[in-house]
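Hello,

Here is the structure I promised to pass on to you. Please open it and keep it in view while you read my notes below.

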Amino acid sequence: MARVLILGGTSEARALAALLVALPGVEPVSSLAGRLAEPARPEGEMRIGGFGGATGLERWLAAQTITAVVDATHPFAATISRSAAVATSALGLPLLVVRRPGWTERDGDDWRRVPSLTAAAQLLTELGSGRSQAERVFLTTGRQDLAPFASLARHWFLIRSIDPPDEPLPARHEVFLARGPFTLDGERALMRQHRIDVLVTKDSGGALTEAKLTAARDLSLPVIVVDRPPALDAPVVETANAAAEWVASVAN
Ligand code: NAP
C-alpha cells in the first residue's frame with residue numbers, strides 16, 4: 001500500500017483525495033493547517049495542524065511510512081511548500097506540486113501587479129485620480145494578511161474573509177464574513193453597494209473567487225494584484241486529475 005501525503009486546504013487537494021481513495025493500492029492522508037473553524041473535509045484519512053517545520057515534517061513522513069508527497073496547498077502558502085521540498089529531498093521521496101494557474105489580465109482590465117502585500121498597501125496611498133480618490137477599498141487578501149494595511153488611516157476598507165480577521169486592522173473598516181464561490185451579480189452588487197473605488201487581491205487563481213475581477217472590469221475599477229511567491233524546484237501540475245495520474249505512476 002502506497003501512503004501518499006496530500007498537503008491540502010484547497011479545492012484541488014480535496015478533489016485529489018477523492019480520486020486517490022478510489023485508486024487501488026493507494027492510501028491518501030490529507031493534512032490541513034487548521035486555519036479555518038469549519039474546514040471542508042476531504043475524503044479518506046485526515047490530520048490537522050503544523051508539523052514543526054521541515055524537520056518535524058521529515059520525522060512525521062518517516063514515522064507514517066509515507067511514500068510520496070503532493071503539495072496541493074494555496075499558492076501563497078510558501079512556508080509549508082518549502083518544508084515539503086526540504087523534507088522530501090532529505091528522505092529521497094517524490095514530491096509533486098499542484099498549482100492552479102494564476103489569473104490573466106483581459107481587455108478592459110486595469111490591473112496593477114505588485115510583489116507583496118506591503119507594496120499593495122504602499123500603492124493604495126499613491127492611487128487616486130480626479131474621478132476617484134481610491135479611498136474605498138475592497139480587501140480580499142484573507143484574514144491573516146491585513147497588518148500591512150492597518151496604518152492606512154485615510155482609506156475605508158471592506159474586508160472579506162471566511163473567519164474573523166486577525167488584528168491589527170485599519171481604523172476605518174467593515175468586516176464581511178463569507179466563503180466562495182461568489183457570483184458575478186453578487187460581486188457587482190457588493191462593490192456598488194459599498195461604492196468601492198479599488199479592489200485588492202492576491203493572485204490566487206481559480207474559478208471560485210474569480211468573479212470579483214470580472215465585476216471590477218465591468219465597473220471600470222482598478223485592481224491591485226499581489227504576485228505569487230516564487231515557485232520552488234519541483235514538478236508542477238495544474239489539476240487534481242493530473243496529480244492522480246502522477247500518484248498512480250509513482251505508486252506502481
Ligand atoms: P504557510 O505560511 O505556508 O504555513 C505556515 C505554517 O502552517 C507552516 O509552516 C505549517 O506549520 C503550517 N501549515 C500550513 N499548511 C499546512 C498543511 N496543509 N498541513 C499542516 N500544516 C500546515 O501557509 P498558511 O499560513 O496556511 O497561509 C499562508 C498564505 O496562504 C496566506 O496568505 C493565506 O491567506 C494563504 N492561504 C489562503 C487560503 C485560501 O483558501 N484562500 C488557504 C490557505 C492559505 P509547521 O511549520 O509547524 O509545519
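At what angle do helix H2 and helix H3 pack, and how far apart are their axes? H2 (residues 53–63) and H3 (residues 78–91) pack at an angle of about 50 degrees, and their axes are 8 Å apart. Axes here are lines fitted to C-alpha atoms, for helices over the stretch in contact, and angles run from 0 to 180 degrees between N-to-C directions. Helices (H or I, at least four residues) and strands (E, at least two) are DSSP runs, numbered from the N terminus.

Before going on, please note that this is a predicted model: local features need pLDDT of at least 70, side-chain atom pairs count only at pLDDT 80 or more, and totals for chains, interfaces and linings use all residues. Residues are numbered from 1 along each chain as its sequence is written, and side-chain values use heavy atoms, with hydrogens and water left out.

The contact (heavy atoms within 4.5 Å) involves several residues, including Leu57 and Leu61 of H2 and Val86 and Leu91 of H3. H3 also lies across strands S1, S4 and S5 (95–98), running at about 160 degrees to S5.

Now for the sheet. Six strands form an open sheet in the order S3-S2-S1-S4-S5-S12, with parallel pairing. Strand S3 (45–48) and strand S12 (236–237) are at the edges with a single partner strand each, so one side of each has no neighbour in the sheet. Two strands pair if DSSP finds at least two bridges between them. In general, strands of a sheet pair through backbone hydrogen bonds, either parallel or antiparallel.

S1 pairs with S2 (residues 26–32) in the parallel sense over six bridges, and Ala2 is opposite Val26. Five bridges join S1 to S4 (residues 66–71), also in parallel, with Leu5 opposite Val69.

Happy exploring!
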